[in-house]
Amino acid sequence: AKIALSTLLIASIWCPEFVLGAAVGMAMLMAGAQASHLKVRHRGPAFAPSFVLLVLSLFVAAVRAGWIQ
């Protein structure tokens, strides 16, 4: 799923209608990753990659939705 959503985000450079769905999908996937890290009690740097992708995906979705200019 992560590869498919990443591919859609890259494809959205040429087809902007993919942006919102791909960004929201990636944000949901990364929120699940954060929940999994919490469930198995990982600490420290294990959270960083999925957290960064979560924040970036939410930012892209908010810009595309017009909530941030």
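What follows is a set of questions about labels, each settled by a value.

Guide: First, a caution: this is a predicted model. The protein chain has 3 helices and 0 strands.

Visitor: What order do the elements of the protein chain run in, from the N terminus on?

Guide: They run α-α-α. The C-alpha trace spans about 40 × 25 × 15 Å along its principal axes.

Visitor: Why is Ala22 called buried?

Guide: Buried means under 20% relative accessible area. Ala22 has 1%, so Ala22 is buried. Its place is in helix H2.

Visitor: What does Ala22 touch, leaving out residues up to four places away in sequence?

Guide: Ala22 touches Leu5, Leu8 and Leu9. Ala22 and Ala61 are 39 residues apart in sequence, yet their C-alpha atoms are 8.5 Å apart in space.

Visitor: Why does Gln34 count as buried?

Guide: The cut-off is under 20%. Gln34 is at 13% relative accessibility, so Gln34 counts as buried. This residue lies in helix H2 too. Beyond its neighbours within four places in sequence, Gln34 is in contact with Phe47, Ser50, Phe51 and Leu54.

Visitor: And what makes Ala11 partly exposed?

Guide: Partly exposed runs between the buried limit of 20% and the exposed limit of 50%. Ala11 is at 24% relative accessibility, so Ala11 counts as partly exposed. Ala11 belongs to helix H1, residues 2-11. Its C-alpha is separated by 15 Å from that of Ala1, 10 residues away along the chain.

Visitor: Why is Arg41 called exposed?

Guide: Exposed means over 50%. Arg41 has a relative accessible area of 70%, so Arg41 is exposed. Its place is in the loop between H2 and H3.

Visitor: Which residues of H2 are buried, and what covers them?

Guide: The buried residues are Val19, Ala22, Ala23, Gly25, Met26, Ala27, Met30, Gln34 and His37. The cover includes H1 and H3.

Visitor: What makes one face of H3 the buried face?

Guide: Ser50, Leu54, Ser57, Ala61 and Ala62 are buried in H3. Seen down the axis, these buried residues fall within an arc of 130 degrees, so they line one face of the helix. An α-helix has 3.6 residues a turn, so residues three or four places apart point the same way. The buried residues of H3 pack against helix H2.

Visitor: Why does Ser50 count as buried?

Guide: Under 20% is buried. Ser50 is at 7% relative accessibility, so Ser50 counts as buried.

Visitor: What makes up the largest nonpolar core?

Guide: Five residues do: Leu5, Met26, Ala27, Met30 and Leu54. The largest share, 3 residues, comes from H2. Ala27 touches Leu54, Ser57 and Leu58, again not counting residues up to four places away.

Visitor: How much of the protein chain is buried?

Guide: Buried residues make up 25% of the 69 residues. The chain exposes about 5,000 Å², with carbon and sulfur atoms supplying 73% of it.

Notes: Residues numbered from 1 in each chain as written. Predicted model: local features only at pLDDT ≥ 70, side-chain atom pairs only at ≥ 80, totals over all residues. Heavy atoms only, no water. Buried < 20%, exposed > 50% of the residue type's maximum accessible area, 1.4 Å probe, protein only. Helix = DSSP H or I, 4+ residues; strand = E, 2+ residues; numbered from the N terminus. Arc of directions from axis to C-beta. Contact = heavy atoms within 4.5 Å. Core = buried A, V, L, I, M, F, W, Y, C linked by side-chain atoms within 4.5 Å. Areas by Shrake-Rupley, 256 points an atom, 1.4 Å probe, with all protein chains shown as cover.
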